Amino acid sequence: MDINFLKKELSSILSKKRYEHSIRVLETAIELAKIYNIDLEKVAIAAILHDFAKEFKRDELVSISKIFFKEETEDYLDNIEILHSYAGTYIAKNKFNINDSDILNAIKYHTTGRKNMSLIEKIVYIADAIEPKRDYPHVKKIRELAFKNLDKAILVEVNNKIEYLVNENLVIHINSIEMRNWLLKNKLIGGNKL
């Protein structure tokens with residue numbers, strides 16, 4: 001698939017700020033894909049499309065989620081931060097005819113993560129969290145880790161995210177908790193000490 005075509009499609013639907021974020025995620029994901037020796041085209045497609053539905057109206061996000069992802073989203077229908085990922089997966093499949101499960105899952109889980117993530121999913125997930133304009137506590141550490149140990153970077157990021165959600169009294173998606181526990185349980189981070 002032609003990345004320039006996808007960029008053009010994206011620029012026609014997103015605000016300038018969100019489009020520029022998507023380009024930074026794409027660039028970060030490509031850097032990581034080169035380090036971790038993974039398919040650049042798949043990573044690029046998933047990265048550029050990850051926020052395609054980010055600025056959809058709430059009603060549209062809820063409708064897509066209820067119809068096509070009912071079981072996965074029924075407890076989160078009031079959270080557009082989560083729903084845009086599912087809607088983006090639907091768009092990738094139905095508008096752009098993408099059927100590759102690695103790409104679709106990378107889009108679907110770029111916000112929450114999940115246990116048993118593929119390398120492409122991990123790269124898009126962390127690229128979204130560490131693109132150069134991201135500025136939140138520990139992002140510099142997470143950025144540095146991502147280029148050395150992807151799983152450690154994801155663990156620090158998800159710990160940070162969970163702490164933020166707890167402090168803000170917000171719902172934590174079960175996928176994020178399961179991803180964290182999976183990383184620890186399977187010692188994918190090379191031990192529990194960070």
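Contact means that heavy atoms lie within 4.5 Å. The legends below describe close-up views of a predicted model, in which local features need pLDDT of at least 70 and side-chain atom pairs count only at pLDDT 80 or more, whereas totals for chains, interfaces and linings use all residues. Residues are numbered from 1 along each chain as its sequence is written, and side-chain values use heavy atoms, with hydrogens and water left out.

**View A. Packing of helix 2 against helix 3.** Helices (H or I, at least four residues) are DSSP runs, as are strands (E, at least two), numbered from the N terminus. Two packed helices are described by the angle between their axes and the distance between the axes. The axes of helix 2 (residues 16-35) and helix 3 (residues 40-49) cross at roughly 155° and come within 8 Å. Helix 2 is therefore roughly antiparallel to helix 3. Axes are lines fitted to C-alpha atoms, for helices over the stretch in contact, and angles run from 0 to 180 degrees between N-to-C directions. Angles under 35 degrees count as roughly parallel, over 145 as roughly antiparallel, 65 to 115 as roughly perpendicular and the rest as oblique. On the helix 2 side, the contacting residues are Ser-22, Ile-23, Val-25, Leu-26, Ala-29, Ile-30, Ala-33 and Lys-34; they meet Leu-40, Val-43, Ala-44, Ala-47 and Ile-48 of helix 3.

**View B. Ile-45 in helix 3.** Ile-45 counts as buried at 6% relative accessibility (buried means under 20% relative accessible area, exposed over 50%, and partly exposed in between, with a 1.4 Å probe and protein chains only). Beyond residues up to four places away in sequence, Ile-45 touches Met-1, Ile-3, Leu-6, Ile-98 and Ile-103. Ile-13 is 32 residues from Ile-45 along the chain, and their C-alpha atoms are separated by 16 Å.

**View C. The largest nonpolar core.** A nonpolar core is a set of buried Ala, Val, Leu, Ile, Met, Phe, Trp, Tyr and Cys residues joined through side-chain atoms within 4.5 Å. The largest one holds 61 residues, of which Ile-48, Leu-49, Ile-98 and Ile-126 touch the most other members. Helix 8 (residues 119-130) gives the most to this core, with 8 residues. Not counting residues up to four places away in sequence, Ile-126 touches Leu-32, Ile-142, Ala-146, Leu-150, Ala-153, Ile-154 and Glu-157.

**View D. Asp-128 in helix 8.** Asp-128 has a relative accessible area of 9% and is therefore buried. Its side chain makes a polar contact with the side chain of His-21 at 2.9 Å. A polar contact is a pair of N or O atoms within 3.5 Å; within protein, one must be able to donate a hydrogen and the other to accept it, and residues adjacent in sequence count only if both atoms are side-chain atoms. With neighbours within four places in sequence left aside, Asp-128 is in contact with His-21, Val-25, His-50, His-110 and Arg-134.

**View E. Arg-24 in helix 2.** Arg-24 is buried, its relative accessible area being 17%. The side chains of Arg-24 and Glu-131 form a polar contact of 2.6 Å. Apart from neighbours within four places in sequence, Arg-24 is in contact with Glu-131, Pro-132 and Lys-133.

**View F. His-173 in the loop between helix 10 and helix 11.** Although placed in a loop, His-173 is buried, with a relative accessible area of 5%. The side chain of His-173 reaches the backbone nitrogen of Asn-175 at 2.9 Å. Leaving aside neighbours within four places in sequence, the contacts of His-173 are Glu-72, Tyr-76, Ile-82, Tyr-86 and Thr-112. His-173 and Thr-111, 62 residues apart in sequence, are 9.5 Å apart in space, C-alpha to C-alpha.

**View G. Asn-97 and Asn-169, each with a positive phi.** Asn-97, which is not a glycine, has a positive phi of about 55° and lies in the loop between helix 6 (80-94) and helix 7 (101-108). Asn-97 is exposed, with a relative accessible area of 60%. Asn-169, likewise not a glycine, has a positive phi of about 60°. The loop that holds Asn-169 runs between helix 10 (150-167) and helix 11 (174-185), and Asn-169 counts as exposed at 71% relative accessibility.
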